[in-house]
Amino acid sequence: MKLNSNYDNIQNSYLFVEIANRVKKYTAANPAADIIKLGIGDVTRPLAPCVVEAGVKAVQEMGDAATFRGYSPDSQGYDFLRDAISRYYASFNVKVSAHEIHVSDGAKSDCGNIVDMFADDNTVLIPDPVYPVYLDSNVMSGRKVIFCDATEKDDFAPLPDKNVKCDVIYLCSPNNPTGSAFSYDKLKAWVDYANSMGAVIIFDAAYEAFVTDPSVPRSIFAVEGARYCAVELCSFSKTAGFTGTRCGYTVVPDELCGGKFAKMWARRQSTKYNGTSYIQQCMAQAAYSQEGIRQCKENISAYQKNANLISDALTDMGIYHTGGKNSPYIWLKCGMNSWDFFDKLLTQANVVGTPGSGFGKNGEWFFRLTAFNTYEKTAQAIERIKKIL
């Protein structure tokens, strides 16, 4: 028996596990410390009332023999949710058919699982800095990974280099961790590049609901030509506060690889995944109803208010940053080793953020804050940060 030696090539500890360990150690030594967390991108506001109501109703159905449901008849999701997601896309003028939607327990799972679709000798292009799952899941599979540098020069929204050859491309817009977002023209450049290479774009749209700029597409399928080269991952985690509820979906257009990709993904999911629970899917459907969208928008607006507060404060302080607009993330130039800055904020301000180096070499000297706390706590954290910078 041989273990997968590719695991030797990834960091021993996931970024946010290391952060949690450092905070735990500090808290144990300083039990009176009032820690404000602006680090991990976990929501804090409760689920929308209509979502809770739908969940309660679904649980009650599962407790009645007449309405009880076992395995989903289709591991790709119930029709009622796939139809609701299709209508949601139509609300911002993007056509996605219900049968192209594959429901799951979250975009992170799909992001890690979709590597099964690609041969191990494919070359994968990933922006740096990057959400760790993109990199780690491919390293675990032994693929060659190359990087596209995202830097301050391009406000962390780079264009492709036509001289670089690749087979699989990962993009996230609005971006985690940098908060930057691709304009239509920039995203079109990536679509054209992928089509010219015969490459596939894995597009992470988890934060699309935070977009307020009309020049920023909320879906890659708003871009001409994308249906021939892209797969889109999306999630209810940030849109509807489902970080603890778990539901997401992947859109695979009919045109991609002549339809073969969709068949492979459906086959993969039906073999390795038994489907998202009926209860979660009922709650997700409620989130994408007209009333659900309205109620969820109230929570998103609260986080946007926090993001604007942080962004405005950094602007007043003359600190370069991206994000804060179209995104719940703020990516600031800290001007020092990012783990040292993490320790500085933790010990001197009792504020937790995320070191940029945890997202790649171009993240060094940068730091990520999130808007996922209360307005009061966010304002308090900013005042503390101002005092030590």
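Guide: Helices, of at least four residues, and strands, of at least two, are DSSP runs numbered from the N terminus. The model under discussion is predicted.

With those terms in place, asparagine 350 can be located in the loop between helix 11 (338-349) and strand 11 (351-352). Its phi is near 55°, a positive value in a residue other than glycine. Most residues other than glycine have a negative phi, and most peptide bonds are trans. Asparagine 350 has a relative accessible area of 15%; the limit for buried is under 20%, so asparagine 350 counts as buried.

Asparagine 326 also has a positive phi, of about 65°, although it is not a glycine. This residue belongs to the loop that runs between strand 9 (321-323) and strand 10 (329-333). With a relative accessible area of 11%, asparagine 326 is buried.

The peptide bonds deserve attention next. Aspartate 128 and proline 129 are joined by a cis peptide bond, with omega about 10°. Proline 129 sits in the loop between strand 3 (123-128) and helix 5 (132-140). A cis peptide bond also links asparagine 176 to proline 177, and here omega is about 25°. The loop that holds proline 177 lies between strand 5 (168-172) and helix 6 (184-197).

Technical notes
Residues numbered from 1 in each chain as written. Predicted model: local features only at pLDDT ≥ 70, side-chain atom pairs only at ≥ 80, totals over all residues. Heavy atoms only, no water. Buried < 20%, exposed > 50% of the residue type's maximum accessible area, 1.4 Å probe, protein only.
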